[in-house]
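Hello,

Here is the structure I promised to hand over. Please look it over before you read my notes below.

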Amino acid sequence: MFKQARWDRTLIFEQSSSGRIGFQLEKLTKREENLLDHCKQKIPSDLLRIEPPALPEVSELCVVRHFTRLSQMNYGVDSGFYPLGSCTMKYNPKVCDLAAAIPEAQTVHPYQDPSSVQGSLQIMYELAKWLAELSGMKKVTLQPAAGAHGEYTGIMIVRQYHLSKGNLNKKREIIVPDSAHGTNPATVSMCGFETVVIPSNEDGCVDLEALQAAVTDRTAGVMFTNPNTLGMFEQNIEEITKIIHEVDGLAYYDGANFNAIMGKVRPGDMGFDIVHFNLHKTFATPHGGGGPGAGPVGVTSSLESFLPIPTIDFDHETNTYFLQYDHSNSIGKIRSYYGNFSTLLRAYTYILRLGYEGLKSVSEMAVLNANYMKTKCQKIKGFSIPTNKNSFCMHEFVLSAKELFKEKNISALDVSKFIIDHGFHPPTIYFPLIVPEALMIEPTESEPKKMLDEFIDILMEVSNLAYANHQDTILEAPINASIGRIDDVKAARQPILSYRMMKRKEE
Ligand SMILES: Cc1ncc(COP(=O)(O)O)c(C=O)c1O
């Protein structure tokens, strides 16, 4: 029986008591004091903070208890099954954390001379090589800090490519399928292009005729997610990239779902020019809650000179790794230093631990688990598959609860709340937008069959309850979780995101 902790939810600020301390800083040395004074003089007076920051004054014990209690009210991939579609909440092996925690990795500084950090540079160089090999790209930058940041980097490369050919005033449009992750059209706008949306066909794939009709001389490129957000491997993929290249457009591969294809197929071989990876998904580095991620970007040889600077290179003559700033068409810098090093280190450890064959079996298991669940779930009364129910999915699938909603007034949201009460994280809901009452389920490769069966049983239980007209039991969930039903509309319309905002509201 699942039961989550329900501690008193006082904020740490509310536990503050004047004069209480939990940590004592060393006294500044004379030299440090002088340095501080010197810095203060350099900072314009209107930017100087006169008042000390309003931090809570609490003891060490108070801090430990507060955060331990919060962690008990939380749910993570280390607590249980987390089939949040498109987010790849697979288990993150602890060996990766161990590697990232070694003192040598924790104490390096990006300002160190490259000669003193050859090991760190080697790790980044080799990681980039692995990603290039897996994707069929020539060169990879590790700088982008998230998938969306990788998209931004990639589309800025598209922009720079057309600029370098003097065509940017003509090349104004980027084609994006209607099933795309929201970050794709957002990226297009941020990079100054216009999005042209094309519909999916009944198989959940890109409608080739619609694509052909959308491609014109104004097409700067296309952004495709493969497998797409419906969990389908795009048909006609080579045809699609060929059509784009015929008008001198570039084909961008959103590789956030790379965990479905490792060692099986490569975007480069499908004709793509640019790819981003979500290391925090495919390569098992912890994510969620805004934690550090990494969205490396790979490009073909003809786009190498457009990559952000510096890239990490190896000089065979001197046998040393170095930072290469000499890229004629570079889009410049897109992030400080060279990337989120501890995330990169975790991904590198994950890759080395599994090797090429191991990565291949990761994808095989991810796809097998998803197909097992899809086959069982689509038979449950009230649920259906919006695409062809006989086709195979890749690493995830989308289930629609539209019949359950229409016939028994139980929505995808209600199903999710019921799932929470049984000790599982719910799937992604109401995405992709093209599927009514969508539940997007991604079991990942790291879950055993028993776990998948338990989850399927919960969906079965919802269906049985609803069709026996016991909707009330479903609608009162969650009662076993730390937090019950929240007012979603109020949370979205009047968000209170900090103690300061809360105080202001009270006043
Ligand atoms: C298909 C797809 N593209 C892009 C992204 C954006 O990645 P991030 O959240 O790291 O910015 C995601 C995130 O889940 C995704 O699923």
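Let me start with the ligand. S86 places a polar side-chain atom 2.5 Å from an oxygen atom of the ligand. Keep in mind that this is a predicted model.

In D254, a side-chain N or O atom is 2.6 Å from a nitrogen atom of the ligand. In H280, a side-chain N or O atom sits 2.7 Å from an oxygen atom of the ligand.

Which elements give two or more residues to the shell around the ligand? They are α6 (147-164) and α11 (279-282). α6 gives the most, with three residues. In total, 13 residues surround the ligand. The closest are S86, G147, A148, D254 and H280. By class, the shell has seven polar, three nonpolar and three charged residues.

I count three cavities of 30 Å³ or more. The largest cavity holds about 90 Å³ of space. Its lining is made up of M124, Y125, A128, K139, V140, T141, L142, Q143, P310, T311, I312 and Y338. At least two lining residues come from each of α5 (118-135), β1 (139-141) and β8 (311-315). What classes of residue make up this lining of the largest cavity? Eight are nonpolar, three are polar and one is charged.

That is what I found. Over to you.

Best wishes

Key
Residues numbered from 1 in each chain as written. Predicted model: local features only at pLDDT ≥ 70, side-chain atom pairs only at ≥ 80, totals over all residues. Heavy atoms only, no water. Near = heavy atom within 4 Å. Polar contact = N/O pair within 3.5 Å; in protein donor to acceptor, adjacent residues only side chain to side chain. Helix = DSSP H or I, 4+ residues; strand = E, 2+ residues; numbered from the N terminus. Nonpolar A, V, L, I, M, F, W, Y, C, P; charged D, E, K, R; others polar. 1 Å grid on protein atoms, 1.4 Å probe; cavity = no way out; pocket = protein on both sides within 12 Å on 5 of 7 lines; lining within 4 Å. Points joined across faces, edges and corners; volume = space filled by probe spheres on them.
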